[in-house]
Amino acid sequence: MRLTTFLFRTHSAPKVALLLLAVEMFNVFNRGMPWRGELVWSVDWAGTVLVLVGPVLAGAVAVDAGRYAKSGVDYLAAQPGPRSRVSILTWAAGVVPTMIAHLVAVGLILMISRPQSEISPWPSLLAAVAQLGGIAFYGAVGSACGRYLGSVAGAPAAVLLSVLLFWQFGTSPDRFSPLLFGRATSSVLGLQFNVVQILYQVAMLILLTGVLLALPVRVIKGIRRPPHVITAVLLVAVIAAYVLTPLTSVNRFNRVAVAPSSCAGQEPVICVFPDHERFLPSAEAAISELYAGAASLGIRDLLPEKVQERVPGEGSAQDGNGRFQIPVAAFSGDKLSIDDLAIEMVVPHHCPALYGDVPPSMEFGEDLHRAAQTLVLAAVGQAGSGPWGGEVDPMSSNELREVLVNFQKCSL
């Protein structure tokens with residue numbers, strides 16, 4: 001009988017990996033796949049599922065490790081071996097199928113996403129390797145719990161410990177978090193994975209996985225546990241990690257230069273980032289309608305000749321081009337509506353006051369919403385249903401011109 005067949009038939013974790021594959025597929029298609037087109041976001045999204053996969057895998061491996069911890073040379077029947085080999089095979093029986101399931105999900109995400117990002121793919125590949133390291137680590141946690149506590153107590157202990165470890169070492173993007181593999185729920189355009197941080201993460205996961213798998217089991221006064229020296233070292237290491245990790249400061253991402261190089265249209269020219277090229281046709285159609293409405297109001301000369309997508313978090317734009325940002329809710333689809341873009345056409349993105357600590361006046365907000373509603377009304381003949389909410393009295397052409405002139409002067 002082949003070893004792989006034997007392991008699948010006699011272990012719980014390989015069967016649980018099939019369930020985890022279903023969880024991975026749910027994660028792929030969840031929320032309308034908003035990550036499409038962005039390489040970094042796609043890979044980061046794939047890593048978010050480990051918050052579920054990790055504890056479940058740890059529990060399953062703990063069941064198997066607990067069942068066979070005492071079997072020793074009888075474990076593989078016709079293929080006897082030492083206990084160290086037994087524990088590694090039990091760990092691999094759950095980890096390898098789960099890794100395969102995760103790689104299938106990552107591959108599917110990238111096939112659907114078809115990233116057009118103009119940035120290096122190598123940091124994203126390294127981030128995917130770190131995710132596999134996370135799977136190996138969670139499996140090692142389960143192996144240790146099962147070998148020391150048995151299958152009955154070890155499984156819930158492994159799940160609980162995995163959740164606690166994630167909560168402590170996987171939730172903060174502002175410090176070194178070795179169990180943080182993905183959290184992006186909105187666009188990360190203009191960001192790249194921090195290679196140095198990922199290398200540290202991978203190295204630590206390899207070290208911890210090796211330590212957990214190599215932990216010896218001793219029966220001391222009827223209790224299965226590591227030798228006293230190892231126990232003391234582990235306690236010191238855990239306390240040090242708990243105390244020192246919050247003091248670290250590291251960013252998972254670095255900012256990189258990106259350009260909205262996918263363009264369409266004339267007067268105005270509309271440009272988006274290659275990552276978001278699927279939005280270009282609808283953006284061109286909506287902005288063209290808005291500009292036609294502006295022409296009918298006699299204020300076309302106050303709008304820029306080029307409108308381009310802005311990077312989230314970008315400051316004031318001083319190049320004379322208009323800006324628009326794709327709303328978070330729009331990423332679950334492929335289109336931008338005229339309501340999505342109306343406010344963006346009149347927002348004075350060049351004014352530093354918009355990005356300061358003191359917000360503009362309430363009058364500015366009211367004028368902004370009325371101006372956008374007036375443009376929509378002129379473009380399509382009816383009021384929009386944009387983010388301003390409720391009905392807004394449209395402006396006259398003269399009033400709209402005066403407001404836009406003030407916006408150009410940053411008189412907010």
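1. R36 sits in the loop between α2 and α3 and D334 in the loop between β8 (322-324) and α10 (338-346), so the pair ties together parts that are 298 residues apart in sequence. Helices (H or I, at least four residues) and strands (E, at least two) are DSSP runs, numbered from the N terminus.

2. Before you read on, please note that this is a predicted model, where local features need pLDDT of at least 70, side-chain atom pairs count only at pLDDT 80 or more, and totals for chains, interfaces and linings use all residues. Residues are numbered from 1 along each chain as its sequence is written, and side-chain values use heavy atoms, with hydrogens and water left out.

3. Buried means under 20% relative accessible area, exposed over 50%, and partly exposed in between (1.4 Å probe, protein chains only). R36 and D334 also belong to a network of salt bridges that includes R278.

4. The structure holds nine salt bridges. Another of them joins R370 and E399, with 3.1 Å between the closest N and O atoms. R370 lies in helix α11 (residues 362-380) and E399 in helix α12 (residues 397-408), so this pair links parts 29 residues apart in sequence. R370 is partly exposed, at 21%, and so is E399, at 29%.

5. E314 and R323 form a salt bridge too, their closest N and O atoms being 3.4 Å apart. E314 is partly exposed, with a relative accessible area of 23%, whereas R323 is buried, at 6%.

6. Do have a look at G293, found in helix α9 (residues 280-297). G293 is buried, with a relative accessible area of 1%. Leaving aside residues up to four places away in sequence, G293 touches A378 and A379, where contact means heavy atoms within 4.5 Å. The C-alpha atoms of G293 and A378 are separated by 4.6 Å, although the two residues are 85 apart along the chain.

Note on methods
Salt bridge = Lys/Arg side-chain N within 4 Å of Asp/Glu carboxyl O.
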